[in-house]
Amino acid sequence: MPSDDREHPAVPPTAGAPSPRAASAPRLALVRTLPAVPAPRLPVLPGEGADDAALDRAFTAAAARYWHPVARSVDVRRQPRAAMLLGVPLVLWRPVASNGVSALVDQCPHRGVPLSSGTVDEDGRLRCAYHAWAFAGDGRCVEVPQQPDRRIPDVVAARRVRAAEGAGLVWACLVEAADEARARPRFPEIEDRGWPHHVGAVQDWSAQAARQVENFCDIGHFSVLHPDTFGNPRVRTVDPYPVHRDGDTVRAEYHYPAVDPLAAPGPDGRRPVGETHLRYRIELPFGVWLAGAHGPGSVMFVVSAPTTATTLRLFWMSAFDPAVHGDGPVDGAALQAVEDRIWAPDRRIVESQRPVRLFAANEVHRAFDALGVAYRRALRDLGFAPSTLPPTPTPTPTPPAPTRPTSAPRVSLVRHMR
């Protein structure tokens with residue numbers, strides 16, 4: 001409405017009635033009608049407003065068909081241990097009669113108490129902390145102390161979850177074998193060849209598992225985020241590299257001029273630089289096999305297990321070819337110290353990414369994002385995003401750059417590790 005600066009006339013009092021105001025009273029201030037001020041339009045982050053519930057349903061339904069690690073083998077002993085996978089609480093333990101690991105949904109069918117708060121008796125049975133009901137490794141209730149002479153119906157059981165061990169980890173799958181999307185990923189350097197290895201400390205991140213995998217495979221951030229370890233701040237250019245999808249894997253190779261994080265700076269204040277040949281093999285959906293991260297003859301395994309649709313538990317290990325590094329034990333403490341320095345900035349960045357859900361994001365891509373883009377497309381193909389979402393855009397190509405000389409020394413990041 002347009003502004004009106006004129007004074008509005010007073011309404012005369014009713015004839016014969018006294019004026020409600022004394023004549024000497026001050027006159028009211030002018031009344032102005034001001035134009036309406038529109039509410040400011042706040043910026044909206046890309047991806048905000050997406051149907052988070054639909055995204056989480058698609059992510060969880062797809063992820064449930066795969067094997068994921070839920071604990072390190074060394075951390076699962078006779079007494080029960082709690083774990084979490086895709087929002088499902090689990091209890092893990094080792095029955096006396098078996099060297100394997102048993103896994104159940106962490107809820108007593110009697111009164112819903114977490115079975116992980118109980119104990120394992122001398123017969124290897126898991127006993128609930130509330131009423132001491134005993135459960136076998138397959139979930140069957142085998143004893144109700146309050147009714148020792150009564151038969152226990154088969155329906156009185158905790159839900160069994162398939163579990164297996166491999167590569168120093170305990171793995172679980174929430175669906176039966178007929179419904180799983182692929183067999184458990186195998187890491188032959190440890191499981192078949194017996195290479196010396198170290199299983200690193202477990203980390204819990206407030207981020208989606210897919211975000212962590214993409215970060216681990218992101219070549220463009222090396223020189224920016226990791227200058228105090230292996231990153232080379234003098235070389236930020238990323239040369240073109242090929243990416244291949246092969247069934248359950250996505251592969252890529254890259255030669256990076258890495259800095260040796262274990263070396264002391266020279267007289268010029270710089271640490272030694274040499275070419276590191278990185279070979280990536282993403283084991284879909286959330287595992288990465290990486291050769292060369294710790295020098296020639298080394299392999300690193302990283303698996304991001306989704307504790308929920310938007311949180312993860314990170315497992316990692318490194319193995320070393322005895323023909324290159326010898327067959328002595330790995331200095332796990334020294335390796336852990338180096339990796340802690342590398343993981344810390346990665347975790348900080350990934351936990352800060354918004355939106356949290358990868359497929360709620362509307363992001364741009366460049367040619368050096370090729371591995372990440374191929375990974376996103378593979379996850380879409382596997383059903384990790386609702387089919388109604390628009391496809392991942394193709395990264396903008398960049399002109400090819402000359403390759404670096406291959407005669408540069410190859411950096412070994414595990415000097416003096418044994």
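## Overall fold

Of the chain's 418 residues, 46% count as buried, meaning under 20% relative accessible area with a 1.4 Å probe and protein chains only. This is a predicted model, in which local features need pLDDT of at least 70 and side-chain atom pairs count only at pLDDT 80 or more, while totals for chains, interfaces and linings use all residues. Residues are numbered from 1 along each chain as its sequence is written, and side-chain values use heavy atoms, without hydrogens and water.

Seven helices and 18 strands make up the secondary structure of the chain; these are DSSP runs (H or I, at least four residues; E, at least two) numbered from the N terminus.

## Cavities

There are five cavities of 30 Å³ or more. A cavity is a set of points on a 1 Å grid over the protein atoms alone where a 1.4 Å probe fits but cannot get out; lining residues have an atom within 4 Å of a point. Volume is the space filled by probe spheres set on the points.

The largest cavity, of about 290 Å³, is lined by 21 residues, with F216, F230, L290, A293 and I342 nearest its centre. Helix α6 (332-352) gives the most to this lining, with five residues.

Methods. Buried < 20%, exposed > 50% of the residue type's maximum accessible area, 1.4 Å probe, protein only. 1 Å grid on protein atoms, 1.4 Å probe; cavity = no way out; pocket = protein on both sides within 12 Å on 5 of 7 lines; lining within 4 Å.
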